[in-house]
Amino acid sequence: MNLPFKQFSGWSIKSKFTFCSIATLILVVSFIWFYFSQQQQKFASQMMENKIKETGVMIATTIGASFKVLDFTAISQSVEGMQKNPDLVYLGIFGRQGNPISSFNPEILKLNWQSILKKQDLFYVEEILFYSTPIKFENNIYGTLLIGFSVKKIRAQINSYTNKGLIICLVIFFVGTLLTIILSEILTKNLVRLKDNVQSFIPGEKFSGIDIEAKDEVGELGFAFSKLIGEIDLVIKNLKEQSQDLEVAKEEAEKANQAKSEFLSRMSHEFRTPMNAILGFTQLLEMTAHSKLNDNEKGNLERVSSAGNHLLELINEVLDLSRIESGNMKVSIESVDMVPIVDNVISLSKKMAYEKRVSLEYKKMPEESFFVEIDALRFKQVVLNLVSNAIKYNKPDGSVTVSYEKRGNGMMRFGLRDTGHGIAEDKKGKIFKPFERFDMDAESIEGTGIGLTITRELIELMNGSIGFESSLGKGSFFYVDVPISDKAPLIRIEQKAENSHIILNNDKKKILCVEDIPANVELVRQVLTKSKHCVELISSCNALAGIEAAKKEMPDLILMDIHMPGMDGLTAFQKIQEIEEIKKIPIIALTADAMTGDINKALGMGFKDYITKPIDMPKFLEKIDNILA
């Protein structure tokens, strides 16, 4: 609302009430005064007009009787007698032809007698009210009578009446103003007290209630406010209690989540440490003694390797699920062609498909690139999981068909159709829940039961979706929809080492292995015998000894375990960076800590690389040879 002056909105209730009341009173008093003045003026004028008419008729009748008997003396006496009337300022008697017969104060009226005698009834000339009427007696007209009365006296009377009315109105105004102030004090007192009580209310503190004694509507309003504030106070107290409970629950949940993450990280480390020896020495046997073993021994070695890899897969998937549930799983979205990724997974899965007697083929070979917004590494993990499931849960001599489809909603669909046993209707709702496996041969099939759970979470992190269609006995169709990219694709330049052009340095290379578990040191020693370089391995069982060995031996490379008694590997790395003569030696973290946060932390500190246990021998040797070269 736009007020005529800004400060009015800031006035108190009492001031606003008083102002409005006085403004209304002024308007009413002004109207009364104006109306009174108009009525008095109209009444006085009417009184004067009636009086002059009565006087004129009376004089005309008297003079008419004298005209009948031609008694002009009586006419003159009548004129002289009328001069005694103080209000009469002019009187004139005219004959039938308009000729003046008698008059007094003729100088007042300087008019054309012919025109004035034509007028009848009342008319004003300046401040004189004239009245013209015929002189007649017994229906005979003898002439015209013209009389004039002064209006000054009447106006003086009107002004007198007006002044009296003004005085009366002023008395009414002052009395009304006084009553307004008194009434505003009475009416607004409780409202002001109500306002003060409400303003004094502080949420969460004790409130004594609204102090109002009135039993009218204001009192009822105060009672309603007291009740409302009491309920608000109760709600605030409940919210505070709930907030405190939620804060405690949040802290407990964070502690539990942290404890779970620490437990999983610790268990991952504890599992991977012995797995490093199991899988490492198994790989060494496969690399060195495989040709010397008989078929039965080769089968046993393959079973050990398969079981170890299966256990490692279980550890990795449990860790992935933990990262997703705790919100620590991160994806790096970029514009990537999905076709090479799928092709690579198909190529890797050919051996498994052959062993399971399952054909792996395309519905239609893609002739173009399909650029989508994904994390390439995580998408490869998704495709690998879906393809391996389609092969593992298929029937002998079955098939797995890969398909691509551009959707109308800006999504690209990657699909896999298999000829497996299918999924029953009552079990479809559990397909993405962890540790749920429904195939009739599930117990004999390697797997953890959480692959699809991880797959769905990864796809959703990439702003995509996953679904399936399945009929019992007729196979299943699993599909993944991911956003089509409208960005320019990143051009990846991969530098491949050409072995035929590598000139090996026959000089002996020194590698320092800082590791507290002797079995792991021995495993590294034996693996390094397969290196392209002539390597001398030096070992230290703790970080302090490793730093001293580095200063003494000046190795070409340091392999640093992270978890060791006393000083850990990260602290040892920082100490080495402070020593000028050895700070440029490349250091690789060789540890069972496989959590993403641990990896990023180490690489961020400046580690040359990060290798997790169990060691993948071919990749390990490739990294060592590249650094030594």
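Trainee: What makes Phe607 count as buried or exposed?

Mentor: Its relative accessibility does: Phe607 has 4%. Buried means under 20% relative accessible area, exposed over 50%, and partly exposed in between, with a 1.4 Å probe and protein chains only. At 4%, Phe607 therefore counts as buried. Phe573, also at 4% relative accessibility, counts as buried too.

Trainee: What should I keep in mind about the model itself?

Mentor: This is a predicted model, where local features need pLDDT of at least 70 and side-chain atom pairs count only at pLDDT 80 or more, while totals for chains, interfaces and linings use all residues. Residues are numbered from 1 along each chain as its sequence is written, and side-chain values use heavy atoms, leaving out hydrogens and water.

Trainee: How many aromatic pairs does a search of the whole structure find?

Mentor: Five. Rings of Phe, Tyr and Trp (its six-membered ring) pair if their centres lie within 6.5 Å; planes under 30 degrees apart count as stacked, over 60 as edge-to-face and the rest as tilted.

Trainee: Why is the pair of Phe468 and Phe478 called stacked?

Mentor: The ring centres are 5.3 Å apart and the planes are at 20 degrees, so the pair of Phe468 and Phe478 is stacked. Both residues are buried.

Trainee: And what is the label for Phe573 and Phe607?

Mentor: Their centres lie 4.3 Å apart with planes at 20 degrees, so this pair is stacked.
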